[in-house]
Amino acid sequence: MTLYEAVFKRRSVRRYKKEPLPPEFFKNLRKFELGLQPLNSAIPYSVEIIDALSQETKVRGLFRVKAPYYLVFFSEPGEEAEKNAGYLMEQLVLYLTEKGVGTCYQGLAKLPSIPEPDGLKPLMVLAFGYAEGELYRESFKARRLSLKELCVFREPVTDETRLMMQAARLAPSAMNGQPWRFMVYQNRIHVFAKKERLPFSRFTAFDIGIVLCHISLAAEEVWRDISFERREQIAVKEFKNNQYFLSIIFI
Ligand SMILES: Cc1cc2nc3c(=O)[nH]c(=O)nc-3n(C[C@H](O)[C@H](O)[C@H](O)COP(=O)(O)O)c2cc1C
């Protein structure tokens, strides 16, 4: 299975076996982590693993999932870093899925006091381990809005662009809020998010990072080069229900 294929198979896993993962797995995870592609390479980050099987852990919080391991993603606070974090963490999620390991984001997890590398703050926690029950799900079973609800197609688009939007549609989001909206042209996609109130809005930038990861993987799959840019002429406009994030340009 590739990362792209994992997009169509992944689901959140909320029940785990109390079983350790082999040491080799953690070595390979660290290797994969070194090759992660950031959205913004200027933003520092660090990934730490909490082994909840061999140490008494105090990961708590609302909607917390009990898992043998937790991955903690540290970075700077702020919208850019959160978007970058979603983009990077989803690569890790899909890698773990591909390796037969279940995952579930833990947006409201409360961490024990663990050392914060280089003054970075924990931005997100991911529960992971061997799944008790189903690890994969057929994509048609995912509860998601339709492409019609998510996208405005301003021009007729190719099958490749539609595939990219299908991959976007399956992205996970906090409380399955699916905040992203897309304005799709032949050579570009403008990415917006629904304006939301707290607590939903807290994860919007992170969710946008996740969806951009899915779009990037699908673009790679169909041999299409893309770049991300913020168009100031759109950014300055006031939209009633949506917030503009960035545009995906087909090179
Ligand atoms: C930023 C973020 C935070 C999340 N926080 C939690 C959480 O605290 N507890 C939980 O059980 N699931 C959490 N989830 C998982 C979502 O509920 C899940 O991805 C969504 O319902 C879609 O379901 P799926 O992942 O099975 O496709 C979170 C997901 C994201 C992206």
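Me: Which way does the crossing of H3 and H6 go, left-handed or right-handed?
Reply: The crossing of H3 and H6 is right-handed (the near helix is turned clockwise from the far one by less than a right angle; helices are DSSP runs of H or I, at least four residues, numbered from the N terminus). This is a predicted model, where local features need pLDDT of at least 70 and side-chain atom pairs pLDDT 80 or more, while totals for chains, interfaces and linings use all residues. Residues are numbered from 1 along each chain as its sequence is written.

Me: At what angle do H3 and H6 pack?
Reply: The angle is about 45°, and the axes lie 7 Å apart (lines fitted to C-alpha atoms over the stretch in contact, with angles from 0 to 180 degrees between N-to-C directions).

Me: Which residues of H3 and H6 make the contact?
Reply: Among them are Glu82, Tyr87 and Gln91 of H3, and Phe206, Ile210 and Leu212 of H6 (contact means C-beta atoms, placed from the backbone, within 7 Å). By class, this contact has eight nonpolar, four polar and five charged residues (Ala, Val, Leu, Ile, Met, Phe, Trp, Tyr, Cys and Pro are nonpolar, Asp, Glu, Lys and Arg charged, the others polar).

Me: Now the domains: where are they?
Reply: Domain 1 spans 3-129 and domain 2 spans 143-250, by an automatic or database assignment. Each gives 18 residues to the contact between them.

Me: Which element gives the most on the domain 1 side?
Reply: H3 does, with nine residues. That side divides into nine nonpolar, five polar and four charged residues.

Technical notes: Contact = placed C-beta atoms within 7 Å. Helix = DSSP H or I, 4+ residues; strand = E, 2+ residues; numbered from the N terminus.
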